[in-house]
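Reader: I have a structure to learn from. Could you take me through it in questions and answers?

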Amino acid sequence: EPNTGNNGVHASASPFEAFAERTNWLGVAVERDYFGKAMLALGVPMGTIKAWCEDPAVPFEGKKQSFFDLLEDLDGRDCLKKSVAILSGK
């Protein structure tokens, strides 16, 4: 019987995390995914995108934090903006 842990439904904590899961679980190429395309168009290097898919600790606002945690609960546009800010160190 379905319950909170066993229900066949998965919700990602952010658009970036959903993107990372599509690339990991479904084998979708970064440049073929709509969110990956958006990140590339904003100047995020492919290597950085792939590294971020591993949820590294990244410097932001004076401390190192989980990349996924920094983007949690943001909508797509805000997630992209914050990703660029993280990349630029601002």
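Author: Start with a definition: rings of Phe, Tyr and Trp (its six-membered ring) pair if their centres lie within 6.5 Å; planes under 30 degrees apart count as stacked, over 60 as edge-to-face and the rest as tilted. This is a predicted model, where local features need pLDDT of at least 70, side-chain atom pairs count only at pLDDT 80 or more, and totals for chains, interfaces and linings use all residues. Residues are numbered from 1 along each chain as its sequence is written, and side-chain values use heavy atoms, without hydrogens and water.

Reader: How many aromatic pairs does a search of the whole structure find?

Author: The search covers the whole structure. Its count of aromatic pairs is seven.

Reader: What kind of pair do the rings of Phe 16 and Phe 67 make?

Author: Their centres are 5.0 Å apart. Their planes stand at 85 degrees, so the pair is edge-to-face.

Reader: How many residues apart in sequence are the parts that this pair ties together?

Author: Helices here are DSSP runs (H or I, at least four residues), and strands are E runs of at least two, numbered from the N terminus. Phe 16 lies in helix H1 and Phe 67 in helix H4 (residues 67–71). So the pair ties together parts whose separation in sequence is 51 residues.

Reader: Are Phe 16 and Phe 67 buried or exposed?

Author: Relative accessible area decides: buried is under 20%, exposed over 50%, partly exposed in between (1.4 Å probe, protein chains only). Both Phe 16 and Phe 67 are buried.

Reader: How is H1 oriented to H2?

Author: Axes are lines fitted to C-alpha atoms, for helices over the stretch in contact, and angles run from 0 to 180 degrees between N-to-C directions. H1 (residues 15–25) and H2 (residues 34–41) pack at about 115 degrees, with axes 9 Å apart. Angles under 35 degrees count as roughly parallel, over 145 as roughly antiparallel, 65 to 115 as roughly perpendicular and the rest as oblique. That makes H1 to H2 roughly perpendicular.

Reader: Which residues of H1 and H2 make the contact?

Author: Contact means heavy atoms within 4.5 Å. H1 gives Pro 15, Phe 16, Phe 19 and Arg 22. H2 gives Tyr 34, Phe 35, Gly 36 and Met 39.

Reader: Is Glu 61 buried or exposed?

Author: Glu 61 lies in the loop between S1 and strand S2 (63–66). Its phi is positive, about 55 degrees, although it is not a glycine. With a relative accessible area of 68%, Glu 61 is exposed.
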